[in-house]
Amino acid sequence: MAASSEACRPVQLVIWPAVVVLGMLAAGCASAPLDQAGSLRSYDNLQPSNGLLTRSRIAVSRDDVLAARTVRIVPTAFQMPGERAPFTPAQQSLVANAVDRTLCAGLSARFEVVGPSEPADLTVHAVVTHAAPTDPVAAGLSKGASVAKTVLLPGVPVPVPRIPIGLGSLSLEAEARDLQGNQKAAMIWGRGANALVNSGRVAQEGDAYDLAGAFGDDFSKLLVTGATPFGTLPSSPSAETLRALFGRAPKYSACAAFGT
């Protein structure tokens, strides 16, 4: 009996840290609704497909999406029914541009991204349906705690979670339509900032900006693979994504409109 107990101990040592991490991820997280803004051609075929931190509903015509070769991106807009946008026009522009820049880099992995006046097999458009601002004071206090850790424990890789208050969140819906205007893929997406994962910039739009990139990555993967981006092992960043991360010129000139 003792031998059996000893045999199980290594497994327990592996499982418990994972349980702790999952608990921390779930605990310090803001919520984001999956609202419908009415921008999608249809909501009928959307099915739940959630990730560890993300809630979503998706629909995709796999064969049609995989057959497409060119894509055009309509700039992201804020469309928040019954809700006042919490950001200034300049802050909204930063968040929307982060969506489009990440989308363009992700889609470039398989598609040719064309300009706004050129025909394309798929036209992609996203709208922000909900945004909750980051509390700059709380984010600043979290930065202070992180600096204190660095001073007190130099060289020790101990993660310092953010203070789990004043976390921002973001929700969007997006669609890819063919040349005839038929829906070929759609996603309603919502995610709140997490105290362990998101560093939190000291700005009202800080979390929304980071989450905008996460959405762009998820929706571009849906179109590149024709399948949900959730429930699978993380994939390596594409060459185009790495190019964007290091500030290199984008693969396609149409992406230059969204910066580097």
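## Strand pairing

Two strands pair if DSSP finds at least two bridges between them. In this predicted model, strand S2 (residues 54–60) meets that description with strand S1 (residues 47–48), to which two bridges join it. S1 and S2 run antiparallel, and they form a hairpin with five residues between them. Within this pairing, Pro48 stands opposite Arg57 in S2.

Strand S2 is also joined to S7, in this case by seven bridges. The two strands again run antiparallel. One point of contact is given by Ile58, whose bridge partner in S7 is Met187.

## Salt bridges across the chain

Side chains of opposite charge can pair when their charged atoms come close. Across the whole structure, a search finds four salt bridges. Among them is the pair formed by Asp64 and Lys184, whose closest N and O atoms are 2.9 Å apart. This pair links distant parts of the chain: Asp64 belongs to helix H2 (residues 62–67), whereas Lys184 lies in strand S7 (residues 183–192), 120 residues apart.

The two partners fall into separate classes of accessibility. Asp64 has a relative accessible area of 38% and is partly exposed. Lys184 counts as buried because its relative accessibility is 15%, and buried means under 20%.

Lys184 has a further partner in Asp178, with the closest N and O atoms 3.9 Å apart. This distance qualifies as a salt bridge because the cut-off is within 4 Å. Asp178 is buried, with a relative accessible area of 15%.

Another salt bridge is formed by the side chains of Lys221 and Asp217, at 3.2 Å from N to O. Both residues lie in helix H5 (residues 206–225). Because they are four residues apart in that helix, about one helical turn separates them.

Lys221 counts as partly exposed, at 27% relative accessibility. Asp217 is likewise partly exposed, with a relative accessible area of 27%.

Salt bridges that share partners join Asp64, Asp178 and Lys184 into one network. Lys184 takes part in the salt bridge with Asp64 and in the one with Asp178.

Terms used:
Residues are numbered from 1 along each chain as its sequence is written. This is a predicted model: local features need pLDDT of at least 70, side-chain atom pairs count only at pLDDT 80 or more; totals for chains, interfaces and linings use all residues. Side-chain values use heavy atoms; hydrogens and water are left out. Buried means under 20% relative accessible area, exposed over 50%, partly exposed in between (1.4 Å probe, protein chains only).
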